[in-house]
Amino acid sequence: MTVLRNVSTPPPTHLLHAVLDATAEAVLLCDEHGAVLLANAAARRLLPDLQAMNEITDETDVFELELHGRPLRGRRQPVDETHSVWTVHDCTDEMARAAAVAQEKERTAFLAEASRRLSASLHRGRCVRTTVELAAAHLADAAVVVLPPARRRTEWVRAVTGSRFETGTMRERDVDSVPGLSEALAGFPPVPSRWLDQTQMPASLLPDGFGEIGAILVTPLPGNGVPAGALILARRAPGTFSEEEELQARIFAARAGGAISAAVLYQEQVETTAILQADLLPPELPRIEGLELAGAYRPAQDAARIGGDFYDAYPRTPSAAPGGDDAETMIVLGDVVGKGPKAAVMAGKVRQTLRALRLLESRPEPLLRVLNQALIDPRDRSRFVTLVLASLVRSGDGWRVTCATGGHPPPLILRAAGRVEPIAAKGTLIGVTGPITIETAVVELAPGDLLLFYSDGLFEARGGVGGREAYGEDRLADTLATCRNMPATAVVERLEQLVSDWINGAGHDDIAMLAVRVPPRHHHPVNLRRTR
Amino acid sequence: MTSTITVDAQYLELVGNGDEWGATDLVLTLWENGADPEQLLLGLIAPAQARVGELWAANEWSVAREHAATATSERAIAALVARAAPRPTLGRITVACTDGEWHALPPRLVGEVLRLRGWRVDFLGANVPGPHLVTHLHQTGPDVVALSCALPTRLPRAHATLTACQAVGVPVLTGGRGFGADGRHARLLGADGWAATATEAADILDAGWNPTPRAPHDDLAHLADEEYTQLARQRHQIIIGLLDRLRAGYPPMRDYDQRQADATAEDVTHIVDFLAAALYVNDAAVFTEFLTWTAGVLAARNVPPAALTVCLDLLAADLRDFPRAGDLLKLGLAELAAGNPAGHDTMRPQ
Amino acid sequence: MIDDSPLRIATSRPSRTTVVLTVSGDLDFDTAEELVAHASQLLGAETGAICLDLSELYICDSSGLSALIHVSQDARRVGATFAITGVTNQLRRILEVTGLDTVLGTEPVRAPASRASKATT
């Protein structure tokens, strides 16, 4: 920097003017009336009509205004009693930068919001719907997701800004007619919007009355190797897509594609799992003439619906062989050691085995012995199952029940009069040892009597006042006694409710229950007196 | 055709006898004679079930009879809707009760009304664990979850379920008296919507309800004092301590059999749980309305309300360091002393 | 040692060939494997007898029973005798219902034997 050698001698006027002209800001010297005495080059450029300064600067020391398309900011500084200097700044660049930053922020915020919403669901339909809703709210006037063709039809999901989403299908040849769509569905890189002829867009893809299309943008939704679909964005005329907007649409499409393909994978696995576990779920109980059946099942693991407890009911089946015995009505309820899918698979095996064996043998005891032989695994004798088998035959206006247990708590009888009786059946658990002992019990059920099969998860449920007390067999019997006169469904529901309240949200083992009730004799029409 | 009054009485009579065949037959006959199925659900069956609840509270019907009546109505509802509902053409809706919540009939009626109006409904029933519900949402992708909560004591779990649904992007329409007669607890917990009745819920959905997705609202400022957290965490110890001191102060309790002891434990548990719920939603009415209602139920069974007062006094001593809980207990005692008769719009702990 | 498992197992050797495991706490789905692993470590060719003292067992579910069967079979494999003692009323009821009392061959071993084995420790 040059040192000023003699400050008392000012430089010549033409040099002062040159200094003023060299500054980017407009500089004006005004008198007390606002008349401009001196203006530098920038001032002459920004404020060609210098006399107008008078109006702008009257009675103020600062201003911000737009003149000839330029945002200007001015500030007055007094120089002496009568003169002042205005400096005026052209804010065009700053404003543009601020706008760009704001836009960038908005885009980042949008993409963050999009990521949050897109990653929320694992359901394809919901992901696609979120995609079009977000796109129609932020990227275009209309957004259509076209899904990959399946069975020669192509599904689409559409949202138009400000209205509800819609779905539909299109034919193969319609796909080809949308500019860039078949390429996007095949996973080719997107074609810039300006190269797409929006007039080729089939009218059916946008709702009636959408208006003239200004521009379309077709972007692949990248997926697991193959595209998860394509995103079509449309703007009404005279709108277009800038390069930044195209880039943003592509980033958005990448995220949406990722979410949709994850959902597709999940759905495929869910479908496979559903097929595999269909036979492991508690069955829909058959209608058996002269009996009410109700079951309840609560697996230990809340998200799964399967576990090691199981029940089944088989209605009387006529003999397959001519002259052979009919397979009697049979009820089974059991418990495989352990929890979760591993236990459920073994429970499924037991159910399938019984389903077949019962056609050959209706008596519970021999059936249990055969099942035991079938289930013993010489390599692992610690995996076992406990179960109750009961065969039911009509007897007068009630039923005769022959009951055998393989190491399982025997069912309880709730008599119509309200008394609770245990069944004196006893036996060894199944699948551990060859020689087993089984003591069969035979009981008669009269109209109004109910038989409750249950797994030990019911009375071993820990909870109560201290949170550690087992529900217990005594409490179970007491509670059952309060269920007199209830239909089987209500009994099961009430027990389930009381035990669930007992546990109060804490963990528990699998719980299974099956109630079998002989309907009481009803009199029609109803006698109004009886209800008091 | 018999007059409406007779039909109502007749239906109540039939369900009171657990007569599934008779109740179903009556409902189907009315439908075949031109009655509107939605009106049968909400104008005949729902009021009858409300009356069943009252009869139980007044100790006129046993709990067994009440359960039998509900099971009977469920059969009648299923039979009617199976015949009267159209093929679904509208969106898909999941209807569920909160975890720990057993009042399945009101949400069931909501589901059936929606079915009658053409929605595809998955009714998950009573006591739906949160993880089970969320798995269902991922697998079926419904447009809306309709979540029911009849008891304020389930509100903390309802809140967790609510936020879990919103986190997977599905809006939640709430209902049931647990959310408050005016839905104020639903608003506090950040539900997307609330409906007072089944009709209102169906009307809201029919009008194309599509709320802006909201981020789950899981911080409640008033919980910062941790009174709720402490009470919930020490629930077991507090209840055990309370029962011990009750036994010490009330000798006949020592001779209670298991059933009586269980019943007392249950009452004490309810008091603590309703207190916790009132702390959770920061609403004294949750606690005082429960007390008033309980006093009414006890009176119907000739139990003096003194037992309740003693319990609150003991609890107040236990919770000396909990100012918010202390205030609630004071309010509750004042309410009981004033002897307000039952009759509040409130909930039954069953 | 701090052990936060709900299951606690203490080992003692009243004689060179006899192992006594005192099992207390919860023997269930979450902990059953611990007992099996612990016992299999101790069982060797020199083991003549393994005895489980269950007098302080609080919970025993079906996975717990499975573990008892597992240990008894491991014992048989190395030629050791297997016994359980200190069976609480609650556990006795479970063993009776499942028929495991006979399968495990535990009937002869009653409380006096338990005391005897402890006395020698």
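Start in chain B and select strand 1, residues 92–97. Five bridges join strand 1 of chain B to strand 2 of chain B, and the two run parallel. Strands pair if DSSP finds at least two bridges between them. Strands here are DSSP runs of E with at least two residues; helices are runs of H or I with at least four, and both are numbered from the N terminus.

This is a predicted model: local features need pLDDT of at least 70, side-chain atom pairs count only at pLDDT 80 or more, and totals for chains, interfaces and linings use all residues. Residues are numbered from 1 along each chain as its sequence is written, while chains are lettered from A and ligands numbered from 1 in the order in which they are written.

**Stop 1: the sheet of chain B**

Now pick B:T94. Which residue stands opposite B:T94 in strand 2 of chain B? It is B:D122.

Five strands of chain B form an open sheet with parallel pairing, in the order 2-1-3-4-5. Its edge strands are strand 2 (120–125) and strand 5 (193–194) of chain B, each pairing on one side only.

Angles run from 0 to 180 degrees between N-to-C directions, and axes are lines fitted to C-alpha atoms, for helices over the stretch in contact. Contact means that the C-beta atoms of two residues, placed from the backbone, lie within 7 Å.

Then show helix 9 of chain B, residues 198–206. Helix 9 lies across strand 1, strand 3, strand 4 (172–175) and strand 5 of chain B. It runs at about 165 degrees to strand 4 of chain B.

**Stop 2: a helix pair in chain B**

Select helix 2 (20–32) and helix 4 (63–84) of chain B. They pack at an angle of about 35 degrees, with their axes 8 Å apart. Their crossing is right-handed. A crossing is right-handed if the near helix is turned clockwise from the far one by less than a right angle, and left-handed if anticlockwise.

Show some side chains of this contact. Helix 2 of chain B brings residues including B:V27, B:L28 and B:W31. Helix 4 of chain B brings, among them, B:R75, B:A76 and B:L80. The contact divides into eight nonpolar, three polar and two charged residues. Ala, Val, Leu, Ile, Met, Phe, Trp, Tyr, Cys and Pro count as nonpolar, Asp, Glu, Lys and Arg as charged, and the others, Gly among them, as polar.

**Stop 3: a helix pair in chain A**

Move to chain A and select helix 5 (124–138) and helix 8 (243–277). Their angle is about 165 degrees and their axes are 8 Å apart. The two helices are therefore roughly antiparallel. That label covers angles over 145 degrees; under 35 is roughly parallel, 65 to 115 roughly perpendicular and the rest oblique. Helix 5 of chain A passes helix 8 of chain A in a left-handed crossing.

Residues in this contact include A:C127 and A:V128 from helix 5, with A:F252 and A:I260 from helix 8 of chain A. By class, the contact has nine nonpolar, two polar and one charged residues.

**Stop 4: two backbone details in chain A**

Most residues other than glycine have a negative phi, and most peptide bonds are trans. Zoom in on A:A237 and A:P238, which are joined by a cis peptide bond with omega about 5 degrees. A:P238 is in the loop between strand 10 (229–236) and helix 8 of chain A.

Now find A:N485 in the loop between helix 12 and helix 13 of chain A. A:N485 is not a glycine, yet its phi is positive, about 70 degrees.

**Stop 5: where chains meet**

Colour by chain. Of the two pairs of chains in contact, chains A and B share the most contacts. There, 37 residues of chain A are in contact with 40 residues of chain B. Which helix gives the largest share of the chain A side? Helix 13 of chain A does, with five residues. That side has 12 nonpolar, 15 polar and 10 charged residues.

Finish with chain B and chain C. They do not touch, and their nearest C-alpha atoms are 18 Å apart.
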